[in-house]
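Colleague: I have a model open and would like to learn how to read its features. Could you take me through them?

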Amino acid sequence: MSASRQMCSFLVGDHLFGLDIERVQEILMPPPLTRVPGAPPEVAGLLNLRGQIVPAIDLRRRLDLPDGNAPSDAPHVVLRGDEGAVSLRVDAIGDILPFEQSDLAPLPDNLRGSLRSLLLGVHALPDRLLLVLSADAVVNGLAPATSASASPSFPVLPQESR
C-alpha cells in the first residue's frame, strides 16, 4: 500500500508543477525583495520573513523557462529545509492535490537537460500533467550559508569595517 500525500500545485508559464506539501512552509503574496549584486540570475533577491532573511528564487529562471509574461504580483511558495527557508517565485498558486506515491510515473528517457535533474516524476491528472519537483534539487546550493564556509552558488557579501 502506498502512502497518501498531498501536493501543493502552482503554475510557472504554461506548466503545472507540484511539491510535497510537507516541504511547504507558507504561501506569500508578493513580498518586497532586495536585489543582491552578483547573485546568480535565478536568485530574485532576499526577503525579510518575520526577521529571517530568506533567498527568493525565480523558479522560471531556475527551470530555464523563457522569461515570458511573469506577473508583477507573482506569489511565492516558501519551502522549509535543513539549511533554512527558501522562497520560490511562481506565476500562480494552484490547488492542494491528493497524491499517492504509486501515481508518480517515471520521467521519459528522452527528457534531458537541467529540468530532468529537478523532477521526481510526472503525475497524470484528468486534464493535464503535473510535473513533480524535488524541493531539494530546486534549492540545492541556493540556501543561505549557515556557517563560516558559504556555498559558492550564493554569494556572501563582505562585512563593512567600521
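Colleague: Does Asp136 count as buried, partly exposed or exposed, and at what relative accessibility?

Modeller: Buried means under 20% relative accessible area, exposed over 50%, and partly exposed in between, with a 1.4 Å probe and protein chains only. Asp136 has 49% relative accessibility and counts as partly exposed. Some ground rules: this is a predicted model, where local features need pLDDT of at least 70, side-chain atom pairs count only at pLDDT 80 or more, and totals for chains, interfaces and linings use all residues. Residues are numbered from 1 along each chain as its sequence is written, and side-chain values use heavy atoms, leaving out hydrogens and water.

Colleague: Which residue does Asp136 meet in a salt bridge?

Modeller: Side chains of opposite charge can pair when their charged atoms come close. The criterion is a side-chain nitrogen of Lys or Arg within 4 Å of a carboxyl oxygen of Asp or Glu. Here Asp136 pairs with Arg23, with the closest N and O atoms 2.8 Å apart. This pair links distant parts of the chain, 113 residues apart: Arg23 is in the loop between strand 2 and strand 3, Asp136 in helix 3. Arg23 is partly exposed too, at 22% relative accessibility.

Colleague: How many salt bridges does the structure hold?

Modeller: Five. One of them joins Asp20 and Arg5, with 2.6 Å between the closest N and O atoms. Asp20 lies in strand 2 and Arg5 in strand 1, so this pair ties together parts 15 residues apart in sequence. Asp20 is buried at 16% relative accessible area, while Arg5 is partly exposed at 27%.

Colleague: In which sense do strand 1 and strand 2 pair?

Modeller: Strands are DSSP runs of E with at least two residues, helices are runs of H or I with at least four, and both are numbered from the N terminus. Two strands pair if DSSP finds at least two bridges between them. Strand 1 and strand 2 (residues 15–20) pair in the antiparallel sense over six bridges. Their hairpin has two residues between the strands, and Gly13 takes a positive phi near 65 degrees there.

Colleague: Which residue in strand 2 stands opposite Phe10?

Modeller: That is Phe17. Rings of Phe, Tyr and Trp (its six-membered ring) pair if their centres lie within 6.5 Å; planes under 30 degrees apart count as stacked, over 60 as edge-to-face and the rest as tilted. The count comes to one aromatic pair. The ring centres of Phe10 and Phe17 are 6.3 Å apart and the planes at 25 degrees, so the pair is stacked. Both Phe10 and Phe17 are buried.
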